Structures are given as C-alpha cells and as structure tokens.
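Hi everyone, and thanks for coming along. I'd like to walk you through one structure today, so please have a look at the screen.

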Amino acid sequence: MPFEVDQKKEGVVISARIHPGESNASWMMKGVIDFLVSSDPAASELRDKFVFKIIPMLNPDGVINGNYRCSLAGCDLNRRWKYPSETLHPTVWHTKKLITKLAQERPLALYCDIHGHSRRKNAFFYGNGSPTEPNAARVFPFLMSKLAQPHYSYDYSRFNTNRTKEQTARIAVWRDLGSKHSNIYTMEASFCGPKPVKFEPHRGKAKAPTAQELNYHFNTQDYLELGQNLCKTLAVYRTASETTMGIQNIEYQIEQYHIEKEAKLEQEDLIR
Ligand SMILES: [Zn+2]
C-alpha cells in the first residue's frame, strides 16, 4: 500500500484480558480478529480505511497463573492506567505509549478495551460523558444496538467518569488524549446472559421477556458474534461519519430515544 494512502487511514486499538479471569473477553476478541481477516466485504473495507492495533491479552502473566483480576505483581492493571510503571505494569505502560503514538500519527477512530462482567447481564459499553458534547460518545453504542440484538443493550450502557474509575483504560486514555476523542470505551459482556430491557432502541415494541430469554446463557458463539458486531458497527459508524449530517442525524435519534423513554417512564409513574 502506498505510503500516502496509508497516511489517510484512521487508527483503531482493541485490547482484552486485562482482567485474566474474564475469559469470555478472549472469545469476543477472537470474533474481532476472525472477522477482520475474513473475506467479508465489510472487513475488507475496514482494512482499507483503518490501521488496527490489536492486543488480545493485556495481562498474560495473570492468565498463565490463573489469577482472577490481578497480574503476577498483584496489581489490578485496570487501576494503573494513570501512572503505570514500566517495570511493574509493562503491558499498560507500553499500550499507553502505543495509543499516544498512534493518535499523534493519525486520528484515533476507536479504542475499545474488552471485558467480561460477573454481575450485570447483557453486553454493553461504558463510555465517557463529555459536558460539551453529551451525545458524541453515545453514537457508537447506539449504532451497535441496531446490529447486535438481542444480546447487546444500549440502554444498559453507561456514560460517566466516576472518580473510582479514573485509573481505568477508558478514562485515563480519554483524559490523556482529550475529550474530543469520544469513541473510547470499555466493552462488557455478561458472564451470564442477556436480560431483555424495556426501552431498548431498535428492538421494536417492548414485549415481556419470554421464559427462554430469561433463562438463556451466553455461549461461545454469542461472544464471537459480539466481537464481529463490534467490527460491523465500526463500518457503519465510518460510513455515517463521512458526512457531518450522518452523525448529527444519529445524535438526533439518540435525543428522541431518550425523550420518548422519559415520557414512557413518567406515564408509568402516573399509572402507578
Ligand atoms: Zn474487567
């Protein structure tokens, strides 16, 4: 590929397994990698438009030693992103350098750190809420809701910068790069299964969950598909971002969704 063309590509970083016990994150990462190297036209387009930096395992010593959350040094590495030590937290230190360098070379379109969640259901995102552009970080998760039903939930996603999470990849990298980088996320998938939510966008008329939906447990195929859908969402996002109107239109849909959700909740309160 000629150098000039490569220079126009945006950067994407996807990482996983900083928490060694969250083995479902590796299935999602496998879904990402399998899709990106596939002959699917969307994958080919993604390879043309982006430079991908994939870090499948941020905590290999923790994984090898069977730790649940810590590295061999006994550190929760996802609480070390603000001031990582090159000696004690080398994977975090080097990944931070890699992301900073990539963001200096080209626009960073997405950084997503993949996790498994032991308590909450569904797959969902944690994103950062910018006071000036409150909907910017919601666009990508909102688009994913169109593609990854019924296992993923936009309504379950949260957008905040809780002080206890300041040392996570999501917040520390966002603070380093500046709030204009709205697409920096933790992507989570439940260790358990989906939980149908009432107000999920793109899910049509809200129905009571079936017994089958309530008892369903995610399997490896579901995790692979979630990884695949992360990539497909990136392709849809890229197409939308080719025009300013494309993203503005999605932000408008998000606003409408939240207005309608609030109205329905108020109505329910009045009925009660
Ligand atoms: Zn985790």
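Helix 3 passes helix 9 in a left-handed crossing. This is a predicted model, by the way, so please keep that in mind throughout. Helix 3 covers residues 41-49 and helix 9 covers residues 220-240. Their axes are 10 Å apart, and the two helices pack at an angle of about 65°. Which residues meet there? From helix 3 we have Ala42, Ala43, Glu45, Leu46 and Lys49, and from helix 9 they meet Cys231, Lys232, Leu234, Ala235 and Arg238. Sorted by class, that contact holds six nonpolar residues, four charged ones and no polar ones.

Now for a second pair of helices. Helix 6 and helix 10, the latter being residues 244-271, have axes that come within 10 Å and cross at roughly 80°. An angle from 65 to 115 degrees counts as roughly perpendicular, and therefore helix 6 and helix 10 are roughly perpendicular to each other. On the helix 6 side the contact is made by Val139, Phe142 and Leu143, and on the helix 10 side by Ile247, Ile250, Glu251 and Ile254. By class, this contact has six nonpolar residues, one charged residue and no polar ones.

How many strands form it, and in what order? Six strands form an open sheet, and the order is 2-1-3-6-4-5, with mixed pairing. Strand 2, residues 50-55, and strand 5 are the edge strands, each pairing on one side only. Helix 2 packs on this sheet and touches strand 1, strand 2, strand 3 and strand 6. The direction of helix 2 makes about 145° with that of strand 3.

Let me take you across some of the pairings. Strand 1 and strand 3 pair in the parallel sense, over six bridges. Ala16, for instance, has Ile114 in strand 3 as its bridge partner. Strand 3 also pairs with strand 6, again in the parallel sense, over seven bridges. There you can find His115 standing opposite Glu188 of strand 6. On to strand 4: four bridges join it to strand 6, and these two run antiparallel. Here Phe125 has Met187 in strand 6 as its bridge partner.

So what about strand 6 itself, is it mostly covered or mostly open? Strand 6 is mostly covered, with seven of its seven residues buried. Ile184, Thr186, Glu188 and Ser190 point one way from the strand, while Tyr185, Met187 and Ala189 point the other way.

Which residues of helix 7 are buried? Helix 7 spans residues 169-177, and Ala169, Arg170, Ile171, Ala172, Val173 and Trp174 are buried in it. Just after helix 7 comes Gly178, with a positive phi of about 105°.

Staying with helix 5 for a moment, that is where you'll find Thr100. Thr100 and Leu177 are 77 residues apart in sequence, yet C-alpha to C-alpha they are 7.4 Å apart in space. Is Thr100 buried, exposed or partly exposed? Thr100 counts as partly exposed because it has 14 other C-beta atoms within 10 Å, and a buried residue would need 20 or more.

I'll finish with some backbone details. As background, most residues other than glycine have a negative phi, and most peptide bonds are trans. With that in mind, look at Arg17, in the loop between strand 1 and helix 2. Arg17 is not a glycine, but its phi is positive, near 55°. Arg17 counts as buried because it has 26 C-beta neighbours inside 10 Å.

Then there is Asn122, in the loop between strand 3 and strand 4. Asn122 is not a glycine either, and its phi is positive at about 70°. Why does Asn122 count as buried? Because it has 25 C-beta neighbours inside 10 Å.

And one last stop: a cis peptide bond joins Gln149 and Pro150, with omega about 0°. To find that spot on screen, look for Pro150 in the loop between helix 6 and strand 5.

Key:
Residues numbered from 1 in each chain as written. Predicted model: local features only at pLDDT ≥ 70, side-chain atom pairs only at ≥ 80, totals over all residues. Buried ≥ 20, exposed ≤ 12 C-beta atoms within 10 Å, placed from the backbone. Pairing = 2+ DSSP bridges. Contact = placed C-beta atoms within 7 Å. Axes fitted to C-alpha atoms, helices over the stretch in contact; angles between N-to-C directions. Left-handed = near helix turned anticlockwise from the far one by under 90°. Nonpolar A, V, L, I, M, F, W, Y, C, P; charged D, E, K, R; others polar. Parallel < 35°, antiparallel > 145°, perpendicular 65-115°, else oblique.
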